[in-house]
Amino acid sequence: MTGTIISAARRAVPARWRPAWVPAWPPAWSRKRRWAAPVTFAGSGVLLFALYLRQARLVPTNSDGAANALQAWDMLHGNLLLRGWSLSDVSFYTTELPQYAVVEAARGLNSDTVHVAAAMTYTLVVLLAALLARGRARGAEGAARALLAVGIMLAPQAGDGRLVLLSSPDHVGTQVPLLLVWLVLDRAPPRWWVSLAVGMLLAWAQIADPLTLFEGVLPLVIVSVVRVGRRRGPWRGQWFELSLAAGSIIAVAAADLALALIRHAGGFVVQVPRTALVGASEIAIHLWYAAEGVLLLFGADFFGQPTVAATALALLHLAGVVLVAWALARALRTFLDAEMVLQVLTVAFVLLLAAYVTSGVAIELTRTREIVGVLPIGAVLAGRLVAGRLVARLAAGRVAAARVAAARVAAGRPAASRLARPASRWLVAAGVALVACYAGGAVYEAAQLPGPDPNQVVASWLQAHHLTSGIAGYWEANSITADSAGQVQVGAVCRAGRKVRVLAWEAKKSLYDRRRRDASFFVYSPLDARSDPFDSPSSAEARATFGPPAQTYQVAGDTVLVWPTNLLADLPPWPPWPASRLAGTFSVGALLG
């Protein structure tokens, strides 16, 4: 990257104005220089992956990520359609699950699969955002664009920031196919195969994550319609925009058809996403959650930080938020005359935030994962519209200064081009210092030691006591199974009417088959989050359902109750599969057995 910047600086001044003591590039170095960018890019990816893996391991694996690890393990062992699985409202079937399967093929089933895959995914998102921010610019301008995008995304904030960006699959992986879509739009000429490639990428993402509709499909359709309306030419001349819009709509239909065919073949079932528009009275609180969520994504959430250093680092990240806001304002101001990819990114940014604020999703800070796309989009906009513009102005200023200096020398007067140098020097120094602070904070966070994982402790204890089959609340069940490498099989249950019931959410039907499994224990955690329909049964509710236990143990703050009988015999059966074939989905009301 340094060589790219130096070469751009050399090219900025014509050869006739170059001082005699400045040598031209040697032929050997010119040949080597072509490999500098790919090698730097690959090396940066390796360093970023190592950094993010350390940070990801600071977050204990929760039941969502553990469920995805178990599903990938099932796919790896021949169950490609995930027969018998009832998934959440996001399948991740074409994004994270294949990635998890590749990791498990190399490392086996364990909870660290979630950490490795999360680090891989975020590294890919950062690198793809850098490529998109660079665009077609070269030299110093291209490098500055990419570096600013990377700097903005470099350091996920400790706590909830890591939980959103470096934990279980929560729409972060969806950014990979979407960034590829935008890269194709940015780099490829208007050809028929571009519309086909974009449609296939959108269908790939839509199968995995319905959020693609808001972040990928609708922005592309809206922008295509706007461009066709402004051009007002014959339809033959509008074929590219029209084909992109049609391909995007067909991609959604194709994704729904694919899910329906999978379900018809006996494969997995996906839940219907729960969304609803909120009233005007709730908009204010949703705006607050959206604002703090945006700060969190960009590492600038300075509210309630545990230390002065953490607060100071968050305040430094406000610079990134300001740059993104500046870029967004510029994108909106020049929207009608901008490049297509910038128009699509701008609409996606605005649409994501609008949908988040007006839906019933923005009820807590961790729901920021629903708008995680604003991070790479904002970083790309800042790189292209702020860094690129500033560097272009600086380069133009240097060329103008060189011309003035040459004219003064020709007239026999001393050159005064140094007057233009201090501003650029201070600007570069400030940017480098800021990115260095971000990098230092990221390295410091990565150097921390992970705390104990209660579910891992419970899993080890159950294995040591030869308790290999049982039930637990949702936030313990899949985690214990993954932490034990599948040696302890735990099915998720919930409470309904003060009784224990089956929870068909990120669960496999065979776990509740009383003819194949003998579940003898129940794990209760007092730290369980109470959120419908995931309410974990209490110890009292377990006793009311199964009778008094034979033994009760306290393990890592959790309560383990053991019975001499098969608990599955007292549970209602698995809820029936839906009769409707529409996208293979059914409502949340059908989750309880």
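Trainee: How many salt bridges does the structure hold?

Mentor: This is a predicted model, in which local features need pLDDT of at least 70, side-chain atom pairs count only at pLDDT 80 or more, and totals for chains, interfaces and linings use all residues. Residues are numbered from 1 along each chain as its sequence is written, and side-chain values use heavy atoms, with hydrogens and water left out. A salt bridge needs a side-chain nitrogen of Lys or Arg within 4 Å of a carboxyl oxygen of Asp or Glu. The structure's count of salt bridges is 12.

Trainee: Which residue forms a salt bridge with Arg 162?

Mentor: Arg 162 sits in helix 8 (residues 160–165), and its partner lies 283 residues away in helix 17 (residues 421–446). Helices here are DSSP runs of H or I, at least four residues, numbered from the N terminus. The closest N and O atoms are 3.1 Å apart, and the partner is Glu 445.

Trainee: Is Glu 445 buried or exposed?

Mentor: Buried means under 20% relative accessible area, exposed over 50%, and partly exposed in between, with a 1.4 Å probe and protein chains only. Arg 162, at 10%, counts as buried. Glu 445 has 18% relative accessibility, so it counts as buried.

Trainee: About how many helical turns separate Glu 141 and Arg 145?

Mentor: Their side chains meet in a salt bridge, 3.3 Å from N to O. Glu 141 is partly exposed at 24% relative accessibility, whereas Arg 145 is buried at 13%. The two are four residues apart in helix 7, so the separation is about one helical turn.

Trainee: At roughly what angle do the axes of helix 6 and helix 7 cross?

Mentor: Axes are lines fitted to C-alpha atoms over the stretch in contact, and angles run from 0 to 180 degrees between N-to-C directions. Contact means heavy atoms within 4.5 Å. Among the residues that meet are Tyr 122 and Ala 129 in helix 6, and Gly 142 and Arg 145 in helix 7. The axes of helix 6 (residues 112–134) and helix 7 (residues 139–153) come within 7 Å and cross at roughly 150°.
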